[in-house]
Amino acid sequence: MPSTALSGIRVLDLSRILAAPLATQMLADLGAEVIKVERPGAGDDSRTYGPPFAPGPEGDRTDTAAFYLSCNRNKQSVTVNHATAEGQELIRALAARSDVLVENFRAGTLVKYGLDQESLRELNPRLVYLSVTGFGQTGPYASRPGYDGIFQAMSGMMSVSGHPEEPMKVGASMVDILTGLYASTAVLAALRHRDATGEGQFIDLSLLDCGLASLSHFAMNYLVSGEVPQRRGNGGYGGIPSQAFECKDEPIFLVAGNDKQFAAFCAAADRTDLLQDPRFATTSARIYHREEILPVLEAILRTRTRDEWLAVLDEHDVPAGPFNEMPEVFADPQIQHREMLVEVDDPVSGRLPLLANPIRFTATPVGGYAAPPALGEHTAEVLCRLAGVTEDQLLELRGRGVV
């Protein structure tokens, strides 16, 4: 079997909920050994973020939420109570033999347990220590808690999402998801630096910062012009058209991002006369005359059904697509061809469906998928292998609630 990109990298994952676990899942998909440390008896909070819960062997439900399953595949689960002195020693022993540590405790929390970045990087100077927090390690809000919706609101993401009369949260936990991607990228860059210099480093990542950074051209438009971006519902800020349109039966999303594509749309719609109108002849002109051209386009799109439009637009190489609900998404032939849905063996559910990693490598492909672990599934194996714990000691630690 081909080697994976991160073979030989060990990640100690002290995180929970979504943003940081998504980052460590990405590292696990790329071949890193990821050891997830959870609280004995309770585990990651997201295990109970249901319904829905994973199905059981007889069609009944388990106690494991789909939320948890979404961001914890390909990991090992170890239970350790970090609030005990013995638990802290076990985590330090694991950190000493790890390349990366990821945590998302509130800023300053782990200092009192001796598990902060300074303490652990003194123990292991090669350690890349990533801390994901709501507001970062510094600043007037550093000690505040926070969740995705709060950061969508504070970063400005909601201000540019929704209809003109109402700001709207993006349906998915988008700041968490984007932060997870920023986090995995940061870890890979830090490992590259570590391999070149022998030195690990501390990464301070804030959800609020990532939410703001993700606004990209919305923020840049404001910085350049001083004009506050307006909410446009399902309308975009690129070329015109770039938004949802109602057809005779169902809507489509249509984008003509440049003059060539707009000309192709006009040909598909048998409205090449629009190209002779100076208000609509160029991308800049269409953007400037947005309010004048949109009613024209809306009237045109209502003359045919969705499928009729999708067929003729595809013939003319104009970007367009349907609005798919989840059943339609996974039935789509392109999604199926790309194998974005995988099934894995699971000791409880039997067969468990998972979203595949979208990265396609030629030399180091993403390997097989392992089901997200049961709470503490790998405690004995990992602690005996990496922390020098004997079976007798393990029994004693379990009896005292340390593991």
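This is a predicted model: local features need pLDDT of at least 70, side-chain atom pairs count only at pLDDT 80 or more; totals for chains, interfaces and linings use all residues.
Six strands form an open sheet with parallel pairing, and their order is E5-E2-E1-E6-E7-E10. The edges are held by strand E5 (75-79) and strand E10 (202-206); each has a single partner strand, so one side of each is left without a neighbour in the sheet. From one strand to the next, the twist averages 20 degrees. Strands of a sheet pair through backbone hydrogen bonds, and the pairing can be parallel or antiparallel.

Strand E1 (residues 10-14) runs parallel to strand E6 (residues 100-103), and four bridges join the two. Within this pairing, Leu 12 stands opposite Leu 101 in E6. E1 also pairs with E2 in the parallel sense, again over four bridges, and the bridge partner of Asp 13 in E2 is Lys 36. E1 is mostly covered, with five of its five residues buried. Arg 10, Leu 12 and Leu 14 point one way from E1, whereas Val 11 and Asp 13 point the other way. Residues on both of these sides are buried.

Helices also lie against the sheet. Helix H3 (residues 85-96) lies across E1, strand E2 (33-38) and E6, and runs at about 150 degrees to E1. Helix H6 (residues 174-197) packs on the sheet as well, where it touches E6, E7 and E10. The direction of H6 makes about 165 degrees with that of E10.

Aromatic side chains were examined next. A search of the whole structure finds seven aromatic pairs. In one of them, the rings of Phe 135 and Phe 151 have their centres 5.1 Å apart and their planes at 65 degrees; an angle over 60 degrees counts as edge-to-face, so this pair is edge-to-face. The pair links distant parts of the chain, 16 residues apart: Phe 135 is in the loop between strand E7 (128-133) and helix H5 (148-155), and Phe 151 is in helix H5. Both partners are covered: Phe 135 is buried, with a relative accessible area of 10%, and Phe 151 is buried, with a relative accessible area of 0%.

Another pair, that of Phe 253 and Phe 323, is tilted, at 6.3 Å centre to centre and with 50 degrees between the planes. This pair also links distant parts of the chain, with its members 70 residues apart. Phe 253 belongs to strand E12 (residues 252-255), while Phe 323 is in the loop between strand E13 (320-322) and helix H13 (326-331). Phe 253 is partly exposed, at a relative accessible area of 31%, and Phe 323 is partly exposed, at 37%.

Phe 135 and Phe 151 form one aromatic cluster together with Tyr 141. The ring of Tyr 141 has the charged end of Arg 144 over it, 3.8 Å from the ring centre. Elsewhere, the charged end of Arg 16 sits over the ring of Phe 105, 4.3 Å from its centre.

The structure holds zero disulfides. Cys 71 is in no disulfide, and its nearest cysteine sulfur, that of Cys 210, is 16 Å away. For Cys 210, the closest cysteine sulfur is likewise that of Cys 71, and the 16 Å between them is too far for a bond. Cys 71 counts as buried at 0% relative accessibility, and Cys 210 counts as buried at 4%.

Some backbone sites remain to be described. A cis peptide bond joins Gly 50 and Pro 51, with omega about 10 degrees. Another cis peptide bond joins Pro 51 and Pro 52, with omega about 5 degrees. Pro 51 is found in the loop between E2 and strand E3 (53-55), and Pro 52 lies in the loop between E2 and E3.

Positive phi values occur at residues other than glycine. The phi of Asn 74 is near 60 degrees; this residue lies in the loop between helix H2 (66-69) and E5. Asn 74 is buried, with a relative accessible area of 15%. Asp 317 is not a glycine, yet it has a positive phi of about 60 degrees. Asp 317 is placed in the loop between helix H12 (306-315) and E13, and at 64% relative accessibility Asp 317 counts as exposed.

Notes
Residues are numbered from 1 along each chain as its sequence is written. Side-chain values use heavy atoms; hydrogens and water are left out. Rings of Phe, Tyr and Trp (its six-membered ring) pair if their centres lie within 6.5 Å; planes under 30 degrees apart count as stacked, over 60 as edge-to-face and the rest as tilted. Buried means under 20% relative accessible area, exposed over 50%, partly exposed in between (1.4 Å probe, protein chains only). A charge sits over a ring if NZ of Lys or CZ of Arg is within 6 Å of the ring centre and within 35 degrees of the ring normal. Two strands pair if DSSP finds at least two bridges between them. Axes are lines fitted to C-alpha atoms, for helices over the stretch in contact, and angles run from 0 to 180 degrees between N-to-C directions. Contact means heavy atoms within 4.5 Å. A disulfide is a pair of cysteine sulfur atoms within 2.5 Å.
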